[in-house]
Amino acid sequence: MTQTDRLIPDDQLAALAAELEQAEQTGVPVAPLSERFPGMTFADAYAVQRSWVAAKVQAGRRVLGHKIGLTSRAMQMASQITEPDYGTLLDDMFFEPNGDIPLSRFVAPKVEVELAFVLKADLRGPNVTLFDVLRATEYVTPAAEIIDARIQRVSAVTGRPRRVFDTISDNAANSGVIVGGRAVKPDDIDLRWAAALCIRNGVIEETGVAAGVLGHPATGIVWLANRLAPHGEYLRAGELVLAGSFTRPVDIASGDVFTFDYGPLGTFSCRFVGAARGQ
């Protein structure tokens, strides 16, 4: 099969999107789609994702950007893939830094640190280069992404972990974004050496350097702009793009206080309150 081959028929996409929406609202994740549709492809997974995002937009949500995931070699090897994945950022996913975040918004959340690129110009593939991305970027800022699982991370039936097709269908696991710290122009610093500490309740849980994202954090945005081109889609001026995590995800529990320390790029925090829908 090629990247464009599909197994799941169009008339089932809306129903699968509705299942994901119900899982998000009830906190009860659905069984992995890859078990229900053996042989599903990347094209199937992105078709499910697009259907779910389209339903959210129809219900009143606004697209504010995109996320890139599975950007580190370790995560790609664990997922048995050779390229990243991507999802869509909607307006209700953004949380202010240095405040409380209700866990009731999530099913089984984790948090990662990464850089966010805010665009001042459109990026249309194909043939977008790293220099095109840097020229089109207004500024780069520290961020944290909250990832979630509307599809079971481990199948309740087989005990097997979900596959990358499930993660992609689940909007690349995206659920929340916190932007904080100090914004810089893309040529103000060597972005490869931007580093962060992910601190939970005073304990450093993860550290990382942005070069862990495909060698340069802008590389994933190059990939995304070119990957969207065959679908007639592009990255728009004003959008925010999460470039990919350079730490492993950290579990979140009620009452946890996280501090994201980016050194010269600043520090921001958040506290998670209440209980997740899946608890």
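Visitor: What makes up the lining of the second largest pocket, by class?

Guide: In this predicted model, the lining has 5 nonpolar, 4 polar and 4 charged residues. The pocket itself holds about 270 Å³ of space. Of its 13 lining residues, Val63, His66, Thr88, Leu228 and Glu233 are the closest to the centre.

Visitor: Which elements each supply at least two residues of that lining?

Guide: They are helix H3 (42–58), strand E1 (63–69) and strand E2 (85–90). H3 gives the most, with 3 residues.

Visitor: Why is Ile8 called buried?

Guide: Buried means under 20% relative accessible area. Ile8 has 1% relative accessibility, so Ile8 counts as buried. Ile8 sits in the segment before helix H1 (10–26).

Visitor: Which residues does Ile8 touch, leaving out those up to four places away in sequence?

Guide: Ile8 touches Leu13, Leu16, Phe37, Met40, Asp44 and Val48. Contact here means heavy atoms within 4.5 Å. As for Thr41, 33 residues apart from Ile8 along the chain, the two C-alpha atoms are separated by 8.8 Å.

Visitor: How do you know whether the radius of gyration of the protein chain agrees with that of a compact globule?

Guide: For 279 residues, a compact globule would have a radius near 19 Å; the protein chain has 18 Å, and therefore the two agree. The C-alpha atoms fill a box of roughly 50 × 45 × 35 Å along the principal axes.

Visitor: How many of the 279 residues are buried, as a percentage?

Guide: Buried residues make up 52% of them.

Conventions:
Residues are numbered from 1 along each chain as its sequence is written. This is a predicted model: local features need pLDDT of at least 70, side-chain atom pairs count only at pLDDT 80 or more; totals for chains, interfaces and linings use all residues. Side-chain values use heavy atoms; hydrogens and water are left out. On a 1 Å grid over the protein atoms alone, a cavity is a set of points where a 1.4 Å probe fits but cannot get out, and a pocket is an open set with protein on both sides within 12 Å along at least five of seven lines; lining residues have an atom within 4 Å of a point. Grid points are joined across faces, edges and corners, and a volume is the space filled by probe spheres set on the points. Helices (H or I, at least four residues) and strands (E, at least two) are DSSP runs, numbered from the N terminus. Ala, Val, Leu, Ile, Met, Phe, Trp, Tyr, Cys and Pro count as nonpolar, Asp, Glu, Lys and Arg as charged, and the others, Gly among them, as polar. Buried means under 20% relative accessible area, exposed over 50%, partly exposed in between (1.4 Å probe, protein chains only). The radius of gyration is taken over C-alpha atoms; the globule rule is 2.2 Å times the number of residues to the power 0.38.
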